Amino acid sequence: METIKLILTIIQLIAGLGLIIIIMLQSGKGSGLSGAIGGGNDSYSFKAKAKTMDAKLTKMTKWIALAFVVLTFVLNLL
């Protein structure tokens, strides 16, 4: 029983670190005033690439967060 708890704790730690990294990689939803002053990349290819990458990161964030929550509940029950 302790071995399973240790393995699940390690997996939860990895999921938590992965969640932090993925959230940090995501771009902000609004550029705000900094985008207006600094200009930024407004080309179609840049926006299309950013949206697909952001969409993948968002999907990964949801799944890893779900795994983290489930692992937390399971570890709490053990």
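**Thr-61 and its surroundings**

Mentor: Leaving out residues up to four places away in sequence, Thr-61 touches Leu-19, Ile-22, Ile-23 and Gln-26, where a contact means heavy atoms within 4.5 Å. Before going further, please keep in mind that this is a predicted model, in which local features need pLDDT of at least 70 and side-chain atom pairs count only at pLDDT 80 or more, whereas totals for chains, interfaces and linings use all residues. Residues are numbered from 1 along each chain as its sequence is written, and side-chain values use heavy atoms, with hydrogens and water left out.

Thr-61 itself is found in helix 3, which covers residues 44-77; helices here are DSSP runs (H or I, at least four residues), as strands are (E, at least two), and both are numbered from the N terminus. With a relative accessible area of 14%, Thr-61 is buried, since buried means under 20% relative accessible area, exposed means over 50%, and partly exposed lies in between, all with a 1.4 Å probe and protein chains only. The side chain of Thr-61 also reaches the backbone oxygen of Leu-57, at 2.6 Å. A polar contact is a pair of N or O atoms within 3.5 Å; within protein, one of them must be able to donate a hydrogen and the other to accept it, and residues adjacent in sequence count only if both atoms are side-chain atoms.

An α-helix has 3.6 residues a turn, so residues three or four places apart point the same way. Ile-20 lies in helix 1 too, yet Ile-20 counts as exposed because its relative accessibility is 52%, even though the C-alpha atoms of Ile-20 and Thr-61, which are 41 residues apart in sequence, are 9.1 Å apart in space. Helix 1 spans residues 2-25 and has 24 residues, reaching 35 Å from its first C-alpha to its last, close to the 34 Å expected at 1.5 Å a residue; that expected span is 1.5 Å times one less than the number of residues.

Gln-26, a contact of Thr-61, is also touched by Asp-54, which has Ser-27 as another contact when residues up to four places away in sequence are set aside. Asp-54 is found in helix 3 and is buried, with a relative accessible area of 17%. Leu-25, by contrast, lies in helix 1 and is exposed, with a relative accessible area of 57%. The C-alpha atom of Leu-25 is separated by 7.8 Å from that of Leu-57, 32 residues away along the chain, and Leu-57 is the residue whose backbone oxygen the side chain of Thr-61 reaches.

Another pairing can be followed at Ala-15, which is found in helix 1 and counts as buried because its relative accessibility is 12%. Leaving aside neighbours within four places in sequence, Ala-15 is in contact with Ile-64 and Phe-68, and its C-alpha atom is separated by 7.8 Å from that of Ala-65, 50 residues away along the chain. Ile-4, also found in helix 1, is 71 residues from Leu-75 in sequence but 9.5 Å from it in space, C-alpha to C-alpha.
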